[in-house]
Amino acid sequence: MASSASSSSTATDPKLDLIKKIRSHEVALAELNNLSSSRGVYQKNGNLFFRTTIRKATASEQKQLDSAKANLGKLNSR
């Protein structure tokens with residue numbers, strides 16, 4: 001019972017959520033970098049997946065990663 005209480009309190013921590021998002025974007029970027037350039041990928045936009053190029057997906061992931069890092073920096077400066 002105590003473990004579920006501690007996990008629910010960490011789920012509402014915005015810093016922890018941002019750290020998880022940053023790690024997720026870093027993993028996605030690493031996976032995209034290891035694909036061949038001719039391969040098509042699918043990127044989630046809302047609830048739908050759209051086919052795109054690796055270059056566009058990488059640019060989008062990098063943009064989201066930069067945004068999450070900026071938000072984490074703002075939280076840490078408070």
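In which helix does Pro14 lie? The close-up views below, taken from a predicted model, begin with this residue.

View 1. Pro14 is found in helix H2. Its relative accessibility is 43%, and Pro14 is therefore classed as partly exposed, since that class falls between buried, under 20%, and exposed, over 50%. Along the sequence, Pro14 and Leu72 are separated by 58 residues, yet their C-alpha atoms are 8.6 Å apart in space.

**View 2. The packing of helices H2 and H3.** Helix H2 comprises residues 14-33 and helix H3 comprises residues 54-77. The two helices pack with their axes 9 Å apart, at an angle of about 155°. Because angles over 145 degrees count as roughly antiparallel, H2 and H3 are roughly antiparallel to each other. Their crossing is left-handed. The residues that form the contact of H2 with H3 comprise 13 nonpolar, seven polar and four charged.

**View 3. The largest nonpolar core.** Seven residues make up this core: Leu18, Ile22, Leu29, Leu65, Ala68, Leu72 and Leu75. At least two residues of the core come from each of H2 and H3. The greatest contribution is that of H3, which supplies four residues. In soluble globular proteins, nonpolar side chains tend to be buried together.

**View 4. The contacts of Leu29.** Leu29 is one of the residues of the largest nonpolar core. Which residues does Leu29 contact, leaving aside its neighbours within four places in sequence? They are Thr58, Glu61, Gln62 and Leu65. Leu65 is also a member of the largest nonpolar core.

Technical notes:
Residues numbered from 1 in each chain as written. Predicted model: local features only at pLDDT ≥ 70, side-chain atom pairs only at ≥ 80, totals over all residues. Heavy atoms only, no water. Axes fitted to C-alpha atoms, helices over the stretch in contact; angles between N-to-C directions. Parallel < 35°, antiparallel > 145°, perpendicular 65-115°, else oblique. Left-handed = near helix turned anticlockwise from the far one by under 90°. Nonpolar A, V, L, I, M, F, W, Y, C, P; charged D, E, K, R; others polar. Core = buried A, V, L, I, M, F, W, Y, C linked by side-chain atoms within 4.5 Å. Buried < 20%, exposed > 50% of the residue type's maximum accessible area, 1.4 Å probe, protein only. Contact = heavy atoms within 4.5 Å.
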